[in-house]
Amino acid sequence: MRPDLVSQHPYIDHFRDKGYQYLSVQRDMLLHAKEFGLTMEDVIVYARLFDFAKLSAKNNRADDNGNVYIFCTIEATSNYFSWSINKTRACYERLKDCGLLIAQKQQSKKNKMRTANKLFLKHWAPASVIYSVEQLKNGGFFPVTLENIGCGFSGNYYVLPLYLLEDERYAGLSLRAKLLYAIALDEMHLSLDYGKIDNNGRLWCTLDRNLLMPLLGCTNPSLVSTFKELENIGLMERVRNGIDPNKRIYLRDYMPSSTQTEPPNANNAGTYFVCIIYPFLQLALCDRRSGRIVWKTQVNNIRVLLWKLWCKICC
């Protein structure tokens with residue numbers, strides 16, 4: 001366990017709804033990746049390419065038919081994930097064989113030199129009664145266009161923070177460990193909704209091994225070593241939960257306290273009063289749709305704040 005990380009990264013006890021960037025990793029795609037000949041790494045690469053497609057759509061970068069295209073070379077992806085060229089090229093080829101990625105060769109008009117290929121993405125969808133796996137791989141996926149770019153994530157997805165992928169302190173963590181942290185982070189947010197707080201006022205969650213192995217595409221020994229990676233670096237703590245075989249999981253924030261908004265001080269009752277009153281004022285100024293989002297987020301924060309204040313008064 002790294003002492004510097006433990007001292008600078010507090011336990012997660014609130015929901016952060018802004019101030020960070022992330023990749024949206026589709027849960028169904030992780031579960032059914034093996035059916036399409038894809039790996040967990042391929043799903044992460046697809047999520048990053050889809051993130052680039054969103055930026056291209058904002059800049060109206062599309063062909064005559066409205067299909068959004070991006071420029072992302074194999075070398076750039078290899079440097080981003082610190083992979084070898086051969087491993088990254090294999091990821092691209094599997095996405096092409098699956099029908100989710102189409103590369104169109106480009107040629108410079110001035111010096112007739114080869115330039116970066118245009119990459120066209122397609123929306124992933126699970127197999128169904130209408131479309132089988134083979135039909136989807138043979139052209140059944142819908143292309144990503146300017147009109148349907150916002151319809152790519154109809155199901156659940158995990159939030160993989162870019163901070164974990166880009167910060168040098170996490171360079172030693174495997175991609176599977178970072179994805180496991182993202183899954184645990186999603187469960188922590190659910191624990192916040194259900195009020196899973198221990199006697200010390202800390203949020204906790206549990207993860208089922210039988211559900212994690214197909215999501216991460218690994219066996220039980222690999223899953224155990226992935227848990228140990230997060231425990232050794234200090235981002236995760238696991239405690240026995242009675243007779244439940246799934247241990248309690250406590251997460252530390254992946255961002256240090258100096259780069260995030262500090263939670264209110266437990267010794268200042270006035271701060272708690274402002275934090276409780278202000279969300280209602282903020283909700284009154286929101287429109288109906290965004291007001292629902294703010295309401296859910298602020299209620300979760302109020303619940304944790306009231307619990308801490310009660311523990312402070314009683315103790």
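Tyr163, Tyr170, Tyr181 and Tyr254 form one aromatic cluster. This is a predicted model, where local features need pLDDT of at least 70, side-chain atom pairs count only at pLDDT 80 or more, and totals for chains, interfaces and linings use all residues. Residues are numbered from 1 along each chain as its sequence is written, and side-chain values use heavy atoms, with hydrogens and water left out.

**Aromatic pairs**
- The whole structure holds 10 aromatic pairs (ring centres of Phe, Tyr or the six-membered ring of Trp within 6.5 Å; planes under 30 degrees apart are stacked, over 60 edge-to-face, the rest tilted).
- Tyr181 and Tyr254 pair edge-to-face, because their ring centres are 6.0 Å apart and their planes stand at 90°.
- That pair links distant parts of the chain, 73 residues apart: Tyr181 is in helix H8 (residues 175-194), and Tyr254 is in the loop between strand E7 (244-251) and helix H11 (269-284).
- Helices (H or I, at least four residues) and strands (E, at least two) are DSSP runs, numbered from the N terminus.
- Tyr181 is buried, at 0% relative accessible area, and Tyr254 is buried at 2% (buried is under 20%, exposed over 50%, partly exposed in between; 1.4 Å probe, protein chains only).

**Charges over rings**
- Arg48 lies over the face of Tyr80, 3.8 Å from the ring centre (NZ of Lys or CZ of Arg within 6 Å of the centre and within 35 degrees of the ring normal).
- Arg248 lies over the face of Trp204, at 4.0 Å.

**Helix H3**
- In H3, 14 of the 19 residues are buried, so the rest of the structure largely encloses this helix.
- Asn60 follows H3 and has a positive phi, near 55°.
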